[in-house]
Amino acid sequence: MSESPFPALPPVPAPDLEARREAVARYEALAVPAGGLGVLADLGLWLASMQGVCPPRPPARARVVVVAADHGIAAAGVSAYQPEVTARQVAATLEQSAPVAVAASVSGASVRVVDAGLDREAMLPGQERFKVRRGSGRIDREDALTAAEVGDAIRIGRALADEEVDSGADLLVPASLGVGATTPASALVATVTGAEPVAVVGRGSGIGDDAWMRKAAAIRDALRRAKPHVRDPYALLRTAGGADLAVLTGFLVQAALRRTPVLLDGLVVGAAGLLADELAPGAHQWWLAAQHSPEPAMTLVLQHLQLVPVLDLQVRHGDGTGAVAVLPLVQAAARLLGETATAEASGIAPVRAVTG
């Protein structure tokens with residue numbers, strides 16, 4: 001009998017609660033009013049539990065991994081862009097003129113682009129091993145991938161996460177590029193959360209009303225095909241996913257297994273997160289929602305995963321721009337916890353209540 005393409009996954013380790021408790025105690029000793037650091041304190045607590053140490057280290061080697069792929073559903077007119085634009089977006093990212101590359105240069109993150117499913121020959125030398133296929137099937141009429149391709153994509157995503165962690169990445173930002181990608185992402189979100197198609201249809205690439213209706217119809221038809229597989233994440237990726245979504249699912253699973261914090265941003269990454277948490281329960285504990293997206297499906301993702309976004313940037317672009325914009329806050333939170341003076345050392349302390 002041949003080996004299953006979907007081997008059993010090990011349990012996801014839990015974040016370090018003892019380091020979090022130490023961080024809470026340290027905050028209470030700082031020379032700031034109780035609750036004075038607000039969400040910045042929450043970020044410090046999160047990072048301490050991720051790293052298992054207090055005070056936490058500011059992320060110094062954050063890595064953005066942009067997974068690019070084309071989608072057959074783009075032919076249905078669900079995007080404001082033509083399918084060939086995906087390759088141009090990849091080129092702009094490599095040239096460091098795309099939003100994520102510009103924002104990453106501010107936060108000190110580095111950016112890697114992976115061609116998982118562009119409908120063309122591999123445009124990135126040496127990356128043939130990451131290519132799942134050329135484009136994904138049109139999900140309103142056919143499967144996005146074969147079962148074997150889902151298995152390959154999951155393995156590729158896990159291998160990508162391993163490469164980044166082994167090379168020293170201390171925080172990961174998965175991201176995506178692909179014309180039409182929010183359509184399969186929305187269909188997957190609707191399937192997993194039980195939402196109706198109209199509840200997940202967003203403006204994506206900035207579509208008008210006509211394209212919105214085409215997108216709603218495509219999601220409706222894809223949802224009809226996907227619903228019988230609601231309890232099988234692999235089958236969902238096969239019927240209504242895509243090469244990028246499957247690779248990102250594997251990436252998110254492995255990041256959690258490797259105890260590596262992730263900044264979650266973008267609907268395509270969010271949809272992959274839903275499936276990753278189904279495959280590896282508890283994986284979401286290693287993720288921080290960077291910002292609130294105007295995509296209605298992303299709101300459902302965050303509710304389902306019980307994640308609260310750090311900011312309300314309303315960034316809809318899925319290339320990781322919102323996440324790298326939040327990264328400096330995470331870095332600042334770590335330094336605040338580690339370098340702020342204590343009340344005892346500084347003499348800055350509130351007046352103690354007089355009793356008796």
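1. Two strands are said to pair if DSSP finds at least two bridges between them, strands being DSSP runs of E with at least two residues and helices runs of H or I with at least four, numbered from the N terminus. In these terms β1 and β3 pair in the parallel sense over seven bridges, and R63 has L172 in β3 as its bridge partner.

2. This is a predicted model, in which local features need pLDDT of at least 70 and side-chain atom pairs count only at pLDDT 80 or more, while totals for chains, interfaces and linings use all residues. Residues are numbered from 1 along each chain as its sequence is written, and side-chain values use heavy atoms, with hydrogens and water left out.

3. Seven of the seven residues of β3 are buried, so the strand is largely enclosed by the rest of the structure; buried means under 20% relative accessible area, with a 1.4 Å probe and protein chains only. On one side lie L171, V173, A175 and L177, and on the other L172, P174 and S176, so that both faces are covered.

4. The buried residues of α5, among them I154, I156 and L160, pack against β1, β2, β3, α8, α9 and α10, where contact means heavy atoms within 4.5 Å. After α5 comes G168, with a positive phi near 110 degrees.

5. The axes of α8 and α10, lines fitted to C-alpha atoms over the stretch in contact, with angles running from 0 to 180 degrees between N-to-C directions, come within 9 Å and cross at roughly 150 degrees. The two helices are therefore roughly antiparallel to each other, a term for angles over 145 degrees.

Terms used. Buried means under 20% relative accessible area, exposed over 50%, partly exposed in between (1.4 Å probe, protein chains only). Angles under 35 degrees count as roughly parallel, over 145 as roughly antiparallel, 65 to 115 as roughly perpendicular and the rest as oblique.
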